[in-house]
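Subject: Structure handover

Hello,

Here is the structure I said I would pass on. My notes on it follow below.

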Amino acid sequence: MDACKGRFAPSPTGRMHLGNIFTALISWLDAKSRGGTWLLRIEDLDTQRSRYEYARLIEDDLSWLGLEWDEGGLDDTGDAAPYSQSRRSGIYAGCLSRLEATGFTYPCRCTRAGIMAARAPHQRDGRVIYGGTCRPGILPCHAPRPDYPHAVRLYVPDTDIVFTDCLRGRQHFNLARECGDFILRRADGAWAYQLAVVVDDALMGVTRVVRGCDLLLSAAQQIYLYGLLGFRAPEFAHVPLLCNGAGQRLSKRDGALDMESLRRTHTPGQLVGRLAFMAGLTVSPEPCSPSDLVPLFSPECAGVLAADSIQVG
């Protein structure tokens, strides 16, 4: 059987909050309970908002909680370095060239404003579904001028992508109807999340991805990319999102639940115990360490992990 490798891949755009560390704990336990290793990758593609000091705080908060990583981090421990996405542009460029050689990519000069003005269809969550304006031979592209910088888009099939989520069971998404052709590289040269995460997880040997259930559609997009690139897709387990008292998912704006505040009001054991109780792993929020939870952990037995959200009490 292949060795198990999990990963946690935060963006250093602010201090982690309770939802981030909930996902980190479940991911760590998932890997360790199966005798595997756990990787830390810094997803700093957003150069405008990412900060080195936030990445260092992420490492410090994980270590404080007892969630030590076996590979990765800012010190690039491991054979797949670098582990910060901002330093992997050459790797992404090589994989984009492979995709371009398939004929499934095309230049797109649409702007977001133009797509919205064209009354592009969208989902209830506000996600815009690209209508294929720049697909060759489909419709004329309404770019402001012929030399306008272009993004690179990927054709998607009008068929279902089917996979089994380790927590949520059988999933199926029709990419043509639910997202449309998606971007691999933006017009400003920035790499898109979907391409970067597929390339990184494949080349870093990740076998199970544990992350929030808001990324279920992304799993379908990524499975499609894995196939085109000839990579083996990992297993996926999408955990609930933590919500505040108003029913809104936690964000880095929820200051009372970020790690700066939580470290003032909790010991590491208290915080881990609280998260374990929220995850249904223990019957009371008693202080404990991550290693205490390893023999108790089984994602299949913790039914609460299959929910869409958990309200923070």
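Which residues does histidine 17 touch, not counting residues up to four places away in sequence? They are Leu250, Ser251, Lys252, Leu257 and Asp258, where contact means heavy atoms within 4.5 Å.

Before the rest, some conventions. The model is predicted, so local features need pLDDT of at least 70 and side-chain atom pairs count only at pLDDT 80 or more, while totals for chains, interfaces and linings use all residues. Residues are numbered from 1 along each chain as its sequence is written, and side-chain values use heavy atoms, with hydrogens and water left out. Helices (H or I, at least four residues) and strands (E, at least two) are DSSP runs, numbered from the N terminus. Two strands are said to pair if DSSP finds at least two bridges between them.

Back to histidine 17. The residue lies in the loop between β1 and α1. Histidine 17 has a relative accessible area of 8% and is buried; buried means under 20% relative accessible area, exposed over 50%, and partly exposed in between, with a 1.4 Å probe and protein chains only.

The parallel sheet

Strands β1, β2 and β3 form an open sheet in the order β1-β2-β3, with parallel pairing. Its edge strands are β1 (5-8) and β3 (71-72), each of which pairs on one side only. Between β1 and strand β2 (residues 37-40) there are four bridges in the parallel sense, and phenylalanine 8 has leucine 40 in β2 as its bridge partner. Helix α1 lies across β1 and β2 and runs at about 145° to β2. Axes here are lines fitted to C-alpha atoms, for helices over the stretch in contact, and angles run from 0 to 180 degrees between N-to-C directions.

Helices α1 and α9

Two packed helices are described by the angle between their axes and the distance between the axes. For α1 (residues 18-32) and α9 (residues 268-278), the axes come within 10 Å and cross at roughly 75°. That makes α1 roughly perpendicular to α9, on a scale where angles under 35 degrees count as roughly parallel, over 145 as roughly antiparallel, 65 to 115 as roughly perpendicular and the rest as oblique. On the α1 side the contact is made by Leu18, Ile21, Phe22 and Leu25; α9 contributes Leu271, Val272, Arg274, Leu275, Ala276 and Met278. By class, there are nine nonpolar, no polar and one charged residues in this contact. Ala, Val, Leu, Ile, Met, Phe, Trp, Tyr, Cys and Pro count as nonpolar, Asp, Glu, Lys and Arg as charged, and the others, Gly among them, as polar.

Methionine 278, in helix α9, counts as buried at 13% relative accessibility. Leaving out residues up to four places away in sequence, methionine 278 touches Leu18, Leu242, Val304, Ile310 and Val312.

The antiparallel sheet

A three-stranded open sheet has the order β4-β5-β8 and antiparallel pairing. Strands β4 (105-108) and β8 (182-185) are its edges, each pairing on one side only. From one strand to the next, the twist averages 45°. Four bridges join β4 to β5, and threonine 105 has leucine 154 of β5 as its bridge partner. Strand β5 (residues 151-154) pairs with β8 over three bridges; leucine 154 stands opposite phenylalanine 182 in β8, and arginine 153 opposite isoleucine 183.

Helix α3 (residues 89-102) packs on this sheet, touching β4, β5 and β8, and its direction makes about 130° with that of β8. Helix α7 (residues 216-229) also packs on the sheet, touching β5 and β8, at about 55° to the direction of β8.

In a regular strand the side chains alternate between the two faces of the sheet. Both faces of β5 are covered: Ala151 and Arg153 on one side, and Val152 and Leu154 on the other, are all buried.

Helix α7

This helix has 14 residues, of which 11 are buried, so α7 is largely enclosed by the rest of the structure. Among the buried residues are Leu216, Leu217, Tyr224, Leu225, Tyr226 and Leu229. From first C-alpha to last, α7 reaches 20 Å, close to the 20 Å expected at 1.5 Å a residue; the expected span is 1.5 Å times one less than the number of residues. Just after α7, glycine 230 takes a positive phi of about 75°.

Regards
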